[in-house]
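The entries follow in the order of looking up.

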Amino acid sequence: MRTEFSDWRTWWARAVVVALAVASGLVIVAFTALAEHAFRIFQDVRSIGWWFPLLWTPLLAAGIVWLTRRFVPGAAGSGIPQVMAALDSGAGSRGLFVSLRLSLAKIALTTGGLLAGLSLGREGPSVQIAAGVMLQARRLVPDLRRMNVHGLLVAGGAAGIAAAFNTPLAGVVFAIEELARSPEQRNSGLIITAIVLAGMIAVSVYGNATYFGIIRVASLDFNLLLPGLVLTLLAGVAGGLFSRLLITSLRGLGNDPMSRLRRSRPVLFAAVCGLLVAVIGVVTGGATFGSGYESTRAMVEGSEVMQPVYVLFKFVATWLSTWSGVPAGIFAPSLAIGAALGNDVALLVFHTQVPALIALGMVGFLAAATQAPLTAFIIVMEMVNGHAMVLSLMSCALVASFVSRLISPPLYPTLARLQLERIPQAAG
């Protein structure tokens, strides 16, 4: 007892962590509200005319990329690779990937992407934003030896996922699966404290409602086996191709006209990508604009059946939005693509087990795209009403992720290595 309570610095460090964990949750909740409001504004301005996104979306995409490249290049991309790069970099270069300045810029630029109607998510950016907030503990703790920087980054990133999806358990699993580097960090009370507090903030604002609603699965039988297996393989192949496409295009080494344009005129390239996304959105009646939240929720609730071509259009729109250079995540769009893939398979088998196939499609494509099967499984599991699908979802996530690994290297670690290539350039 004397050892535990005699040193005020230890308790000050703990108080700082608790305060910043609460602050991380509040920041992500505010970011969520701001991003959703921005997309509602985009939906409102679409009423000006069907042609308006053809001007609005490329103009904003070009402006966002110009601002990003000119002032905050570290805010580009998803945000998860940046946190991974920060974990692997030294103290002198960590600010290139995670800082409070980058967190504020990420909020503004990702919100701008949704204001433009681009097909992007805010969950990946939430990881970088929350990590930047948690990292401020270094400034507030007198003895930095009491504050493990890697632990702060992992805690902040996981807290961002927990608050973004309103799923604290997914934050814990994400920390273990994607960010943690050692058993000591994986079992850190710091990580658990940050995740729980950030999750509590999200729950206090949104209640216990799940992000995409509840998937109601009454019962399962062997009629699901064949379509479920086909869907799992399709999701694994589609997610693997999506991951490989993102890695190849973001590397920027291609000699095709679009890759050359991206290298020589990145702002113009962003405008072209924005125009293509706008054309896809106009063709689909606006269904592919934004994160895909509304379309996914409609499919989950059974209030709407998407057209079979939606999955292809959303796939391409998300790829173009990410390739454009606008700060963007892929979690929510990946869930939308997976839900649509499950919806399409359900149409092929005459609407048999529609909710179950939508759930399998969501977990399969997300697991394949990110190669983080446990995180994908937990996120979707918390949306399912009942435990009947727990084993089915887990099996789907593992198989789809395995199939994806045959097609593509892991997405986030590969992109993190590309981020680390910026260090010598910055030092020079």
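Entry 1. I looked up the contacts of valine 272 (heavy atoms within 4.5 Å) and, leaving aside neighbours within four places in sequence, found Met258 and Leu261. The model is predicted, so I note that local features need pLDDT of at least 70, that side-chain atom pairs count only at pLDDT 80 or more, and that totals for chains, interfaces and linings use all residues. Residues are numbered from 1 along each chain as its sequence is written, and side-chain values use heavy atoms, with hydrogens and water left out.

Entry 2. The classes are buried under 20% relative accessible area, exposed over 50%, and partly exposed in between (1.4 Å probe, protein chains only). I also took the C-alpha separation from valine 272 to serine 324, which is 8.3 Å across 52 residues of chain.

Entry 3. I placed valine 272 in helix 14, residues 266-283. Helices (H or I, at least four residues) and strands (E, at least two) are DSSP runs, numbered from the N terminus. Helix 14 spans 26 Å from first to last C-alpha over its 18 residues, close to the expected 26 Å; the expected span is 1.5 Å times one less than the number of residues. Just after helix 14, I noted a positive phi of about 70 degrees at glycine 285.

Entry 4. I listed buried residues of helix 14, among them Pro266, Phe269, Cys273, Val277 and Ile280. Their cover includes helix 3 (52-71), helix 13 (257-264) and helix 16 (310-323).

Entry 5. I turned to helix 4 (residues 80-88) and helix 21 (residues 411-420), which pack at about 65 degrees with axes 8 Å apart. Axes are lines fitted to C-alpha atoms, for helices over the stretch in contact, and angles run from 0 to 180 degrees between N-to-C directions. Residues meeting there include Ile80, Met84 and Ala85 of helix 4, and Tyr412, Leu415 and Ala416 of helix 21.

Entry 6. For the whole protein I counted 22 helices and 2 strands. Of its 428 residues, 57% count as buried. Among contacts with a separation of 6 or more, 79% join residues 24 or more positions apart. The protein exposes about 17,600 Å², with carbon and sulfur atoms supplying 66% of it; accessible areas come from the Shrake-Rupley method with a 1.4 Å probe.
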